[in-house]
Amino acid sequence: MAILVTGGAGYIGSHTVAELLARDEQVVVVDSLAQGHREAVLGGKLYVGDIRDGAFMDQVFGENDIDAVIHFAANSLVGESMLNPGKYFDNNVYGTLCLLEKMNKYGVKKIVFSSTAATYGEPERVPIEETDRTDPTNAYGETKLAMERMMRWFDSAHDVKFVSLRYFNAAGAHENGLIGEDHDPETHLIPVILQVPLGKRAHVGIYGEDYPTEDGTCIRDYLHVSDLADAHVLALKRLREGGESAVYNLGSGTGFSVKQIIEAARRVTGHPIPAVVSERRAGDPAVLIASSAKAKRELGWQPKRESLDVIIGSAWNWFKNNPGGYESKE
Ligand code: NAD
Ligand code: UDP
């Protein structure tokens, strides 16, 4: 039986594919390559196309014996979602509807799904637990919440079991040095910071210094991408063992401010990395920190690469060796 990984040529998807392959799973990847990279898929079968394309997805489901889906394919930029929410509702919400309908058509009953801390919005307390209020402050988070809700109804009507993983901030790169983060445009904090020592930008912009935090900059919970990948393998195991649908936070439980991340990057790279304070970015909550107690308890998940220097160090290793991202390999 094969696992269908949508968005498997993307950042987190490719790291999860690597973990699945290491466990001898049969992997089928669907990716439009709108953001992903062919070279990021280290094995399995890659189909290039869009999850909203019905005939294409019939081919994928028809040609493979798929027993479960891991669904990464989506757009995920907070800032862009505020400017162009329609793109997000179309690709994320409608895309997921198309996928669930195909799963239904082909009798596939298990899905692991990429959700996000952005479903919570401005939290009432930290660390955030899964039962806390969800009230997104950006369109991206709203689409992910809608996707989660859609899956609940597919569960009640069609017995499709899902595990929704609400990731906090994914960062770092695989220790094999072959895959890492490569987005165009790059907007995530750690890769943007590392563009400074790479000589690709003169300084990093800090989006707001007037948040109600100790140093005035936003606090986030950064998690190594390979620890995230491990959680997907465990979520799949839960579903294969007949587990009920569930939602889990995935984070380190520790928050770092933008300034602390810049300081850590200076330490890791030995570069002064100038920083300039600019305007707030629309839709950004001040503090997001996860409680991952439920994932640890129920999935047996244990992050192994928790140190910030290890996380940033692995990203730095990838960027130093591949300053142009995957294009460096061509
Ligand atoms: P990414 O952009 O690197 O990967 C997404 C992949 O999906 C890309 O390769 C893209 O080409 C593909 N894709 C997008 N729309 C598609 C479509 N309609 N059909 C087929 N392929 C399509 O993003 P990522 O950072 O790896 O994130 C993966 C998932 O995790 C996303 O759903 C994102 O919302 C979620 N997430 C990411 C983070 C993070 O910190 N990066 C945090 C929380 C949640
Ligand atoms: N950020 C920043 N400068 C940048 C990119 C991001 O100050 O060039 C901040 C952003 O406002 C947020 C944090 O860094 O508070 C993490 O942003 P990122 O886009 O990496 O992840 P998000 O939390 O939005 O998923």
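A residue is called buried if 20 or more other C-beta atoms lie within 10 Å of its own, exposed if 12 or fewer do, and partly exposed in between, with C-beta atoms placed from the backbone. The model is predicted: local features need pLDDT of at least 70, side-chain atom pairs count only at pLDDT 80 or more, and totals for chains, interfaces and linings use all residues. Residues are numbered from 1 along each chain as its sequence is written, while chains are lettered from A and ligands numbered from 1 in the order in which they are written.

**Whole chain**

Start with the protein chain in cartoon view. The chain has ten helices and 13 strands; helices (H or I, at least four residues) and strands (E, at least two) are DSSP runs, numbered from the N terminus. Its C-alpha atoms fill a box of roughly 55 × 45 × 40 Å along the principal axes. Buried residues make up 48% of the 330 residues.

**Ligand 1**

Select ligand 1 and its shell, where a residue is near if its C-beta atom, placed from the backbone, lies within 6 Å of the molecule. There are 29 residues around ligand 1, and the closest are Gly7, Gly10, Tyr11, Gly36 and Ser76. Helix α1 (11–22) gives the largest share, three residues. At least two residues each come from α1, β2 (26–31), α4 (85–105), β5 (110–116) and β7 (169–171).

Aspartate 24, in the loop between α1 and β2, has a positive phi of about 60 degrees without being a glycine, and with 6 C-beta neighbours inside 10 Å it counts as exposed. Leucine 33 lies in the loop between β2 and β3 (45–48); its phi is also positive, about 65 degrees, and its 15 C-beta neighbours inside 10 Å make it partly exposed. Most residues other than glycine have a negative phi, and most peptide bonds are trans.

**Two cis prolines**

Next, select proline 127, in the loop between β5 and α5 (139–158). The peptide bond to it from valine 126 is cis, with omega near -5 degrees. Proline 185 lies in the loop between β7 and α6, and the bond from aspartate 184 to proline 185 is cis too, with omega near 5 degrees.

**Ligand 2**

Move to ligand 2, which has 15 residues around it; His188, Leu189, Val192, Tyr207 and Cys218 come nearest. Strand β8 (204–207) and helix α6 (189–194) each supply at least two residues, and β8 gives the largest share, four.

Where does leucine 189 sit? It is found in helix α6, and with 21 C-beta neighbours inside 10 Å it counts as buried. Leucine 189 touches Val258 and Ile261, leaving out residues up to four places away in sequence; contact requires C-beta atoms, placed from the backbone, within 7 Å. The C-alpha atoms of leucine 189 and isoleucine 206 are separated by 9.1 Å.

**Helix α7**

Finish at residues 225–240. Helix α7 has 16 residues and reaches 23 Å from its first C-alpha to its last, close to the expected 22 Å, where the expected span is 1.5 Å times one less than the number of residues. Twelve of its 16 residues are buried, so α7 is largely enclosed by the rest of the structure; among them are Leu228, Ala231 and Arg238. Glycine 242, with a positive phi near 90 degrees, follows α7.

Note on methods: Contact = placed C-beta atoms within 7 Å.
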